[in-house]
There are 2 protein chains.
Amino acid sequence: MEKEKIRNLEVCFSPANFPFYQNKEESIIVIVDILRATTAICTAFEHKVAKIIPVATLEETYKYKNSGFLIAGERDGKVIEGADFGNSPYNFMGNAVKNKTIVITTTNGTQAVEMAKNCLDIVIGSFLNLNALCEMLIKQNKDVLILCAGWKNRFNLEDSIFAGAVAEKLNNEANYSLNCDSAMASVDLWQIAKNNILDYIEKSSHRHRLKKLGLDDVLEYCFTPNITKTIPVFKENYFVEISKL
Amino acid sequence: MEKEKIRNLEVCFSPANFPFYQNKEESIIVIVDILRATTAICTAFEHKVAKIIPVATLEETYKYKNSGFLIAGERDGKVIEGADFGNSPYNFMGNAVKNKTIVITTTNGTQAVEMAKNCLDIVIGSFLNLNALCEMLIKQNKDVLILCAGWKNRFNLEDSIFAGAVAEKLNNEANYSLNCDSAMASVDLWQIAKNNILDYIEKSSHRHRLKKLGLDDVLEYCFTPNITKTIPVFKENYFVEISKL
């Protein structure tokens, strides 16, 4: 019997480190920005958004707005001027998103998409679609690189523990080896966090940033696993539900 | 009574993230490259080396060699051609280093020094000088930024757990707040590692790289705390023992 090939799972803690991953073009890239871009995107697809177009710059975002597109976005946690959506994942629900195309720009998340454009595939991960995402990755059986959006090119806790949750699953349930120190660290941090994520994340710096912005109420939602089975995947220049590919 | 000012301790997991630390020019930078540059440098100062000149490029290293300097260095873990020292911290002992000036270049560590040159002060950290380093930092009472050399601009476990050891001490024993998520993560990882560092580090990727290179025997030494009280500090273009400043 042929021995099954071992796949690699790597974790990149911030976009600044991404250029130094050698295997990225042969990997499926999972983009993670738990607070809040990828949580909002998963929410929008659960609520039947048609397409999400991620753009890196404000300039490009406003070009889309001038062409009649709905836009959403934040910089440093605050809603950008002229946005059609508020700053909470709760805004991406119901008729506000159903069958719509939304252009989105965020401080960290959309820059990460920009960097990963030459890779095998880009998908969106959040606690909301954790199990569905892992099942899909195991089925695809390709190398996986989890790209944490982080905070301004620095490590953050919330994205890293999510990476640990995925790494643990792919390591336990399938033939994935954790082939880098950051993958191993993320699993260790996830072990500490998993039994009470909100308590653990209480100490994170971004959690305090959200508190200041009056966005405390989104925290519990952002860390709730498996609310949706949707998996947003990047195609041409937009995200679409994987079943629509 | 005037309230004592709270100092910040930050941790940067790799040189790629360093440009994104806003407070670096007001901070004492602790450079960490446990396997093996900063361990070797602490060893050399314990054995009375006069100066260590860190250089980033091979080209510059060979210029020094041509001018009659002793050179030491590695790339990808292997000794560079023409080096006067082997690849183990054990080579930096006794008469080989006493009163000498040594030029050193390494894959990760010396690039980190290059990046930090505009900061308040640069000092060298390793498990070998852990307590002495922390005592000095507490006495200085300035903001501290621990710069992990990492591995090729990626996170590594050995430098990060050392950062956690320093962060824990400065947080417990002095008025330092852990003001970034990477500092908090490094303390969490250190909690897991501290009771059996060698067992913990067994899983790290660099440990396996060393094994391949036949450098297994340096591991225990590199993780032995408080062998020396020496603190190498950067001045002009070289490191010197802090008492010689």
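Axes here are lines fitted to C-alpha atoms, for helices over the stretch in contact, and angles run from 0 to 180 degrees between N-to-C directions. This is a predicted model, in which local features need pLDDT of at least 70 and side-chain atom pairs count only at pLDDT 80 or more, while totals for chains, interfaces and linings use all residues. Residues are numbered from 1 along each chain as its sequence is written, and chains are lettered from A and ligands numbered from 1 in the order in which they are written.

**Figure 1. Helices α4 and α5 of chain A pack against each other.** Let us start with a pair of helices. Two packed helices are described by the angle between their axes and the distance between the axes. The axes of α4(A) (residues 130-140) and α5(A) cross at roughly 45 degrees and come within 10 Å. Helices (H or I, at least four residues) and strands (E, at least two) are DSSP runs, numbered from the N terminus. The angle makes α4(A) oblique to α5(A); under 35 degrees counts as roughly parallel, over 145 as roughly antiparallel, 65 to 115 as roughly perpendicular and the rest as oblique. Look for A:L130, A:L133, A:C134, A:L137 and A:I138 on α4(A), which meet A:A165, A:V166, A:K169, A:L170 and A:E173 on α5(A). Sorted by class, this contact holds eight nonpolar, no polar and two charged residues. Ala, Val, Leu, Ile, Met, Phe, Trp, Tyr, Cys and Pro count as nonpolar, Asp, Glu, Lys and Arg as charged, and the others, Gly among them, as polar.

Figure 2. Now turn to chain B. Here α4(B) (residues 130-140) and α5(B) (residues 157-173) pack at an angle of about 45 degrees, with axes 10 Å apart. Among the residues of α4(B) that take part are B:L133 and B:C134, and those of α5(B) include B:V166 and B:L170. The contact of α4(B) with α5(B) has eight nonpolar, no polar and two charged residues.

Figure 3. Two copies of a chain are related by a rotation about an axis and a shift along it. Rotating by 180 degrees, with 0.0 Å of shift along the axis, superposes chain A on chain B (RMSD 0.0 Å). In chain A, the residue closest to the rotation axis is A:A16, at 2.9 Å (C-alpha). The same surface serves both copies, as 100% of the contact residues of chain A recur in chain B.

**Figure 4. Both chains contribute 23 residues to their contact.** Two residues are in contact if their C-beta atoms, placed from the backbone, lie within 7 Å. In this view, 23 residues of chain A touch 23 residues of chain B. On the chain A side, α5 (157-173) and α6 (181-193) are the elements that give two or more residues. The largest share, seven residues, comes from α6(A). That side divides into ten nonpolar, eight polar and five charged residues.

**Figure 5. Loops hold a cis peptide bond in chain A and a positive phi in chain B.** Most residues other than glycine have a negative phi, and most peptide bonds are trans. The bond from A:L35 to A:R36 is cis, with omega near 15 degrees, and A:R36 sits in the loop between β2 (27-32) and α1 (37-46) of chain A. B:K48, a residue other than glycine, has a positive phi near 70 degrees and lies in the loop between α1 and β3 (51-54) of chain B.

Notes
Copies are superposed by least squares on the C-alpha atoms of residues with pLDDT of at least 70 in both.
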